[in-house]
Each structure stands twice: as structure tokens, then as C-alpha cells.
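Please open the model in your viewer and keep the selection panel at hand. We will go from stop to stop, picking residues as we go.

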Amino acid sequence: MRQALAVALAAAALGGCATTPVASGVAKATLEPTRGNIAAGSATFTERGGKVYVEADVRGLAPGSEHGFHIHEKGDCSAGDGLSAGGHFNPDGKPHGPQGAPHHGGDMPSLKADASGQAKASFVLEGVTVTAGPASIVGRGLIVHKDPDDYRTQPTGNAGARVACAVIQAS
């Protein structure tokens, strides 16, 4: 009887785990300004249930401005202009576009700075991972652009110069 009760309790506990979104990977990025800019900040990427939850906080932006925000293919911020990070991360070969339509894995919602030049953002990405594999964002570049993303111009969104750069690292 005790053994049957123990088995039932263990099954109930495991069944509860299946419905609880558990983090399967976390990565972080510390954005530093590119040459001649002051934008800096951080982003955290948490994978749960097949989606990546993003929390970003960027300061030093023009007050009331909007900025393209993308994951780029190379985790390299060595060039003063951020161009060493390469193009947008695009593991599935899709066109540039907004979430909810065909888009690069690295296409994310634009950042919107408040009156003090700070942008805080929370959103969810699908089609990328934090864990290993071809869609993993770990080791990729994270870029804040000078201008808003128009979500139409191929392949960049016409978002302009790179004002901050980071390498996304597993934590």
C-alpha cells in the first residue's frame, strides 16, 4: 500500500512538471557603444517551452526615438562600427520582416526610447533557441541600430548604423 501511494505521489509530481514552463537555457548580453556612440545596456534571453523570452534595457538613446534591434550572425564586436557582427542571424533563410510574418531568426521588435533615452522591452521570440543547435543565439551578436526598422527593406530593415554591440553568452 505504501509503495502504491509513493508511486501515485511521484506520478502526480512529475505530471505537474510537464505543465510548468521550466527554463531550459539562459543567455545574457552586455551592450557596449560602438565608436562615437553612448548607447549601452543589457539583454537576457530565457528559453522556456520552445520560445525565447527577451528582457532588454538600453540607455543612451535619443529621447523619444525608435531603434532596430537584431541578433546578428557573428559574435564579434571588434570593429568600431559593429560591422564585424555580420548580417542578421537567419538560420531558416527567410526574408526580413516583423514577428508574426516570415522573418529572420534575428529580427526582433524595435526598441522605443522614453523621454530620458532609455528603452525597456519584453517580448517573445519563436524559431530560435538558447540551447545548442543551428537556431541557437548563443555566440551571436546583438545590435542596436540608429534608426527604426521598417520591416520591409531586404535584408536589413533599413535600420542604419550600429550604435551598440554585444556578444550573446550562455549564463
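Which residues have the most contacts inside the largest nonpolar core? Select Phe45, Phe69, Ile71, Leu142 and Val144: they hold that place in a core of 30 residues. Here a nonpolar core is a set of buried Ala, Val, Leu, Ile, Met, Phe, Trp, Tyr and Cys residues joined through side-chain atoms within 4.5 Å. Buried means under 20% relative accessible area, exposed over 50%, and partly exposed in between, with a 1.4 Å probe and protein chains only.

Before moving on, note that this is a predicted model, in which local features need pLDDT of at least 70 and side-chain atom pairs count only at pLDDT 80 or more, while totals for chains, interfaces and linings use all residues. Residues are numbered from 1 along each chain as its sequence is written, and side-chain values use heavy atoms, leaving out hydrogens and water.

**The core and its strands**

Colour the elements that give two or more residues to the core: strands S1 (23-33), S2 (40-48), S3 (51-59), S5 (69-72), S7 (119-125), S8 (141-145) and S9 (162-167). Strands (E, at least two residues) and helices (H or I, at least four) are DSSP runs, numbered from the N terminus.

Now centre on Ile71. Setting aside residues up to four places away in sequence, Ile71 touches a list of residues including Phe45, His88, Phe89, Met108, Leu125 and Leu142; contact means heavy atoms within 4.5 Å.

**An aromatic pair**

Next, select Phe69 and Phe123. The whole structure has 1 aromatic pair, and these two form it, edge-to-face, at 6.5 Å centre to centre with 90 degrees between the planes. Rings of Phe, Tyr and Trp (its six-membered ring) pair if their centres lie within 6.5 Å; planes under 30 degrees apart count as stacked, over 60 as edge-to-face and the rest as tilted. Phe69 sits in S5 and Phe123 in S7, 54 residues apart. Phe69 is buried at 0% relative accessible area, and Phe123 also counts as buried, at 12%.

**The hairpin**

Turn to S2 and S3, which run antiparallel and are joined by 9 bridges; two strands pair if DSSP finds at least two bridges between them. Thr44 stands opposite Glu55 in S3. The hairpin has 2 residues between its strands, and Gly49 takes a positive phi near 55 degrees.

Cys77 lies in the loop between S5 and strand S6 (111-112) and Cys165 in S9, so the pair ties together parts 88 residues apart in sequence. Are the two cysteines buried or exposed? Cys77 is partly exposed at 31%, whereas Cys165 is buried at 5%.

**The loop between S8 and S9**

Most residues other than glycine have a negative phi, and most peptide bonds are trans. Tyr151, in this loop, has a positive phi of about 60 degrees. Asn158, also in the loop, has a positive phi of about 55 degrees.
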